[in-house]
Amino acid sequence: MQEAKIEYTIEEIIAKMKRNNKRTDSKLILKAYNFAKKSHGEQLRKSGEPYIIHPLQVAYILAELGLDDNTICAALLHDVVEDTEITHQNLINEFNLEVAEMVDGVTKLSKLNYESVEEEQVENYRKMFLAMGKDIRVIMIKLADRLHNMRTLKYLTRDRQIANAKETMELYAPLANRLGIYSLKWELEDLAFKYLYPEEYREIVEGIDKKREERLEFIDKIQDQIIEELKKQKIEAEISGRAKHLYSIYRKMKRDNYTIDQIYDLFALRIIVNSVKDCYSALGVVHELYNPMPGRFKDYIAVPKPNMYQSLHTTLIGERGTPFEVQIRTWDMHRIAEYGIAAHWAYKEASFLGGKKANVQVAEDKLAWLRETLEWQKDMQDPQEFLNTLKTELFEDEVYVFTPKGDIKVLPRSSTPIDYAYSIHAEIGHHMTGCKINSKMMPIITKLHNGDIVEVITSDKAKGPSRDWLKFIKSSTAKNKINAWFKKNLRDENIEKGKDLIEKEIKRIGMEHSEIFRPEFVQGAINRYKFNSVEDMYASVGFGAISSGKVITKILEEYRKVHQEENVEQKLEELNKERVSIKSSKSGIVVKGIDNCLVKLSKCCNPVPGDNIVGYITRGRGVSVHRADCKNLKDLFFDEDNRMIDVYWHSEKEAAYNVDIEVFANDRSRLLSDIITQISTLKTKLIAVSSRANKERIAITEITVEVENLEELNNVLKNIRKIDSVYEVKRKK
């Protein structure tokens with residue numbers, strides 16, 4: 001893939017803007033450029049170039065998409081708050097609130113303390129999506145920023161290349177796809193592919209180059225035949241041939257287990273006509289000329305994709321049985337296919353701020369998925385759960401089903417009739433008792449397929465949704481509405497349960513409720529997790545959206561700001577000494593109120609002394625002990641028998657605990673030896689070790705060590721991170 005030009009001047013940006021809009025405010029854009037250049041001063045990029053080159057290229061990418069003056073200014077200024085002394089208020093004073101808010105939307109959070117790098121990353125995503133909900137242009141700037149960073153990725157170390165490429169493939173390319181901006185999507189995917197799978201990338205590039213002339217000759221011949229026939233039918237059209245994008249070829253090779261030589265439709269023809277009527281006429285022409293492949297025709301004009309994409313797709317059989325693809329669309333469809341949601345600025349000068357112009361409603365309709373995403377993320381406190389759900393939302397393919405009246409409903413693939421019911425209305429879902437699929441009674445958890453006709457059966461006597469439905473549904477719409485029902489209808493119950501869980505957590509750490517649960521300390525947790533009130537906090541804990549351990553940890557932070565930390569630790573130590581008379585299990589665990597109880601450390605999370613822990617009474621196997629942040633714990637909270645029990649580490653019990661660790665590093669000689677030597681130096685017992693290297697020459701080493709407590713484990717993790725070539729070390733969950 002040929003690298004794009006990466007150095008554009010401010011003059012070229014302004015010229016590009018004026019071609020799209022003659023009313024461009026050149027003075028404002030030049031002012032933003034000079035302000036950014038002065039603010040960044042002598043800062044350099046990893047390439048050694050002046051830093052100002054980066055915001056210039058980001059601005060040019062957005063100018064190509066036809067974005068407005070304020071967005072270009074925000075692009076030029078997008079790093080000044082994060083990387084210089086400039087403040088949000090400075091930008092308001094110098095420019096306007098609109099520009100300042102966009103810059104703030106792409107600025108990373110840096111002033112809060114997070115429990116992990118993952119939590120910090122997720123909170124940055126959350127902030128970006130909230131800003132995106134207010135003004136979609138925020139994500140446009142972020143996508144352009146990521147694209148230029150990917151174009152210059154060669155200047156970073158191999159571990160950073162992999163991390164950035166992986167994030168691009170998992171988050172930013174799907175986001176560009178969701179917004180219909182294929183001009184960005186394809187390049188982001190191909191660049192990420194280049195760094196994630198360098199060998200496969202090279203093979204495809206070489207394979208395409210080897211037979212390029214032969215394939216181009218094949219496409220040119222077909223192109224001439226179609227042009228001649230379209231002229232006979234008096235259909236005005238522009239036809240172009242294009243090579244398929246490298247990552248799409250790679251995915252097809254993986255899916256069908258093909259080599260590059262077995263894939264013939266590496267090139268596709270695009271026919272652009274003046275009207276929808278001409279689209280179908282052109283389709284008739286190509287189907288007359290060549291035999292269509294069964295099952296390979298898609299009508300995205302009649303049923304557009306949720307990202308606004310419209311085209312007719314058909315795969316045909318050419319000479320010697322060689323297949324090739326044809327896409328047929330109008331000029332308006334083509335602009336939307338290339339620029340997606342940005343087409344509303346480029347060609348209709350629409351704004352997404354404050355409902356100012358006519359196309360706001362169009363944008364709102366096409367961004368329904370974003371509003372749903374913002375709804376469910378509000379209550380999701382677990383970083384990994386948020387990230388996994390976000391990626392699922394972005395990647396999800398669609399299934400098209402019909403109402404009994406023939407209306408089309410677009411749902412995520414593998415959706416159920418429950419998802420369908422909630423897509424119609426929340427009350428339909430809440431009162432659902434059964435369903436018919438293609439006129440046949442079926443279970444409500446049946447997976448839907450394209451073309452299914454779905455009918456929902458409801459009853460006024462239905463008491464509401466079941467928690468079990470959450471295990472089967474796929475759409476965030478359904479999840480959000482079911483969770484909202486439980487939060488509203490069981491709010492009092494959730495508040496009481498939350499109070500009880502927080503009370504248990506306070507007792508577990510050995511402190512008095514009246515001492516720690518003061519308004520000035522509780523407010524810190526309310527602010528940190530964005531609760532509206534103490535009752536909301538209780539309800540969220542009771543509902544399972546956040547653990548009581550996390551809430552109390554934050555309250556303790558506020559408590560320590562008022563009291564000297566050593567006094568707090570001394571108090572806790574004294575309280576622990578009072579517990580010495582209590583019998584602990586062989587595992588070093590004390591179960592409150594029970595002596596000589598069988599205790600088992602759960603293997604799903606492998607808790608060690610220092611971890612916040614929770615006990616769960618199993619049937620016939622004693623008490624199972626989990627870390628408070630264990631991913632399996634949420635399901636146990638909903639157990640109707642309420643078999644949770646207070647447990648804590650016996651402070652004077654010395655025991656050994658096995659912990660599994662994963663180490664990711666750039667592969668090199670003696671790497672495994674250095675890891676083992678480092679562990680040996682720490683005098684930590686090594687139980688097991690295995691190592692492997694993948695095609696990208698990333699070494700993945702799995703280690704099991706024996707430690708006495710969390711402090712020793714953290715020391716092991718910290719020292720392994722210091723080893724040359726190691727870029728990530730984490731405890732297996």
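Asn719 touches Gln678 and Leu682, leaving aside residues up to four places away in sequence; contact here means heavy atoms within 4.5 Å. The model is predicted, so local features need pLDDT of at least 70 and side-chain atom pairs count only at pLDDT 80 or more, while totals for chains, interfaces and linings use all residues. Residues are numbered from 1 along each chain as its sequence is written, and side-chain values use heavy atoms, with hydrogens and water left out.

- Asn719 belongs to helix α32, residues 710-721 (helices are DSSP runs of H or I with at least four residues, strands runs of E with at least two, numbered from the N terminus).
- Asn719 counts as buried because its relative accessibility is 12% (buried is under 20% relative accessible area, exposed over 50%, partly exposed in between, with a 1.4 Å probe and protein chains only).
- A distance of 8.6 Å separates the C-alpha atoms of Asn719 and Leu682, which are 37 residues apart along the chain.

**Leu672**
- Leu672 is found in helix α31.
- With a relative accessibility of 34%, Leu672 counts as partly exposed.

**Aromatic rings**
- The whole structure contains 16 aromatic pairs (rings of Phe, Tyr and Trp, the last by its six-membered ring, pair if their centres lie within 6.5 Å; planes under 30 degrees apart count as stacked, over 60 as edge-to-face and the rest as tilted).
- One aromatic cluster is formed by Phe193, Tyr197, Tyr201, Tyr247 and Tyr250.
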